[in-house]
Amino acid sequence: MCEAQFPRKCNNCKKEFSDFRQFIGGTRPLGAPQCSPKIDDPFGLISYVNCECGSTVLLQCADPGMHARFKQALEAEAKRTGRDSKELLLEIRAEVRRRLTGEK
Ligand SMILES: [Zn+2]
């Protein structure tokens, strides 16, 4: 789903990100991803990043079925591990970035 949002451009500096991997490499995460508690929220899951120019760009999961499944899995994991969902979201994003960039 993230990959389907490319290519795209930064609205401010017009830098083009041809794919998800390049986007991850050329941006910095900003705060924790926001997972809407509402299953039918059109914004679902949003991850904010900063472009190199300092402008904020967002990636979102706006597919209601996918958001419902993600939210369910996130809540189950939070319950199972006793950790809060914000912490889990930060960890998931860090893992996605690690896998895509090959960084440790
Ligand atoms: Zn930019």
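Trainee: What is the mean pLDDT of the chain?
Mentor: This is a predicted model, in which local features need pLDDT of at least 70, side-chain atom pairs count only at pLDDT 80 or more, and totals for chains, interfaces and linings use all residues. Residues are numbered from 1 along each chain as its sequence is written. The pLDDT is the predictor's confidence in each residue, from 0 to 100. In the chain 98% of residues reach 70 or more, and the mean is 91.

Trainee: In what order do the elements of the chain run?
Mentor: Helices (H or I, at least four residues) and strands (E, at least two) are DSSP runs, numbered from the N terminus. The chain has three helices and six strands. From the N terminus on, the order is β-β-α-β-β-β-β-α-α.

Trainee: How many residues does helix 3 have?
Mentor: Helix 3 reaches 24 Å from its first C-alpha to its last, close to the 24 Å expected at 1.5 Å a residue. That expected span is 1.5 Å times one less than the number of residues. Helix 3 covers residues 85-101, a count of 17.

Trainee: Is Lys 14 buried or exposed?
Mentor: Lys 14 sits in the loop between strand 1 and strand 2 (16-17). A residue is buried if 20 or more other C-beta atoms, placed from the backbone, lie within 10 Å of its own, exposed if 12 or fewer, and partly exposed in between. Lys 14 has 9 other C-beta atoms within 10 Å, so Lys 14 is exposed.

Trainee: Which peptide bond is cis?
Mentor: Most peptide bonds are trans. Pro 7 lies in the segment before strand 1 (8-9). With omega near 0°, the cis bond runs from Phe 6 to Pro 7.
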